[in-house]
Amino acid sequence: MVLYIIGLGLYDEKDVTVRGLELIKSSDKIFLEAYTSVLSVGKERLEAFYGRDDIVVADRDFVECHAEDIYAPAKEGNVAFLVVGDPVCATTHSDIMLRAREEGVKVEVVHNASAMGAVGCCGLQLYNFGQTVSIPYFDENWRPKSFYPKIKYNREGGMHTLCLLDIKVKEPDFEAMKRGKIVYLPPRFMSVNEASDQLIESEEELKKGAYHPDKTLCVGLARLGQVDQCIIAGTLEELKEADFGAPLHCLIICGEVHDLELESLRPFLVPDSAFQIDLEGSLFQREDTAVANDDTEE
């Protein structure tokens with residue numbers, strides 16, 4: 001009798017590990033978390049691949065308000081709780097693990113690929129990253145900027161910052177609720193373009209130099225781990241105009257960029273990007289003179 005929290009990876013139904021698949025097939029109950037992230041395929045594709053027809057989708061309300069319905073059945077049988085990416089990358093899943101163990105439920109985690117590791121595909125070294133931040137959607141009444149000091153802290157230490165971008169799935173329409181109707185808004189997935197705009201606004205308002213919208217090198221990534229993943233590097237001003245295509249997106253604000261990292265990033269740079277590189281806390285212009293010298297020697 002175990003609660004198995006199983007990572008599904010980043011792409012489709014075939015990203016599950018062999019161990020994860022075996023546990024899914026043998027579990028008595030299966031829940032699919034559809035709150036913190038989403039796969040590129042729906043529940044039906046997963047059920048067809050797993051040979052099951054009884055997956056229960058756990059949306060935000062289910063996970064936050066009825067979590068006991070997920071782990072309590074593991075007192076009498078095996079339960080598979082399916083999570084996009086890796087199970088230990090979201091506090092939501094850590095909370096469920098803690099609550100389950102407090103109730104005497106045995107918990108086992110089956111790991112998988114997540115965005116927090118896959119971002120290394122752009123060439124930036126994972127050991128040069130600092131705190132990860134979340135960028136929430138701004139609205140008329142709520143424009144939080146708690147991510148800003150963390151980005152500043154990272155960059156002062158020469159570290160890159162991974163920005164995870166907001167998703168809104170099955171969000172209630174509060175105007176409809178005032179009229180006594182339960183209506184959900186269409187899903188929204190924050191793009192690199194939207195995140196860039198909000199980051200630019202935050203720097204313009206706070207003016208503490210955490211980053212420079214027209215100078216700091218950043219990397220936008222879309223559909224990590226999928227066959228059509230997209231990587232574009234440039235300044236925030238440049239990335240807000242780039243076409244990244246369909247979700248999911250994430251964004252990296254670079255700190256100190258080493259030579260090897262820069263060479264790895266060059267294929268992804270916006271043409272004629274105006275970026276500048278941070279080195280030991282100072283800024284210097286791209287080495288256009290060095291390029292000119294190379295051309296002269298030829």
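# Briefing on a predicted protein chain

The protein chain contains twelve helices and 14 strands; helices (H or I, at least four residues) and strands (E, at least two) are DSSP runs, numbered from the N terminus. This is a predicted model, in which local features need pLDDT of at least 70 and side-chain atom pairs count only at pLDDT 80 or more, while totals for chains, interfaces and linings use all residues. Residues are numbered from 1 along each chain as its sequence is written, and side-chain values use heavy atoms, with hydrogens and water left out.

**Overall form**

- The C-alpha trace of the protein chain spans about 75 × 50 × 35 Å along its principal axes.
- Of the 298 residues, 48% count as buried; buried means under 20% relative accessible area, exposed over 50%, and partly exposed in between (1.4 Å probe, protein chains only).
- Among contacts with a separation of 6 or more, 72% join residues 24 or more positions apart, where contact means heavy atoms within 4.5 Å.
- The accessible surface of the chain comes to about 15100 Å², and 51% of this belongs to carbon and sulfur atoms; such areas come from the Shrake-Rupley method with a 1.4 Å probe, and for residues only the protein chains shown count as cover.

**The sheet with parallel pairing**

- Strands of a sheet pair through backbone hydrogen bonds, either parallel or antiparallel.
- Strand E1 (residues 2–7) and strand E4 (residues 79–83) pair in the parallel sense over five bridges, and the bridge partner of Ile5 in E4 is Phe81.

- Another open sheet of five strands has the order E6-E7-E12-E10-E11, with mixed pairing.
- Its edge strands are E6 and strand E11 (230–234), each of which pairs on one side only.
- The twist here averages 25° from one strand to the next.
- E6 and strand E7 (residues 161–165) pair in the parallel sense over three bridges, and Ser134 has Leu164 as its bridge partner in E7.
- Helix H7 (residues 147–156) packs on the sheet, touching E6, E7 and strand E12 (249–253), and its direction makes about 135° with that of E6.
- Helix H9 (residues 192–206) lies across E6, E7, strand E10 (218–222) and E12, running at about 40° to E12.

**Two loop residues**

- Thr132 sits in the loop between helix H6 (115–118) and strand E6 (133–135), and Thr132 is partly exposed, with a relative accessible area of 30%.
- Leaving aside neighbours within four places in sequence, Thr132 is in contact with Met116, Leu162 and Leu164.
- Lys145 is found in the loop between E6 and H7 and is buried, with a relative accessible area of 14%.
- Not counting residues up to four places away in sequence, Lys145 touches Phe138, Glu201, Ser202, Glu205 and Leu206.

Terms used: Pairing = 2+ DSSP bridges. Axes fitted to C-alpha atoms, helices over the stretch in contact; angles between N-to-C directions.
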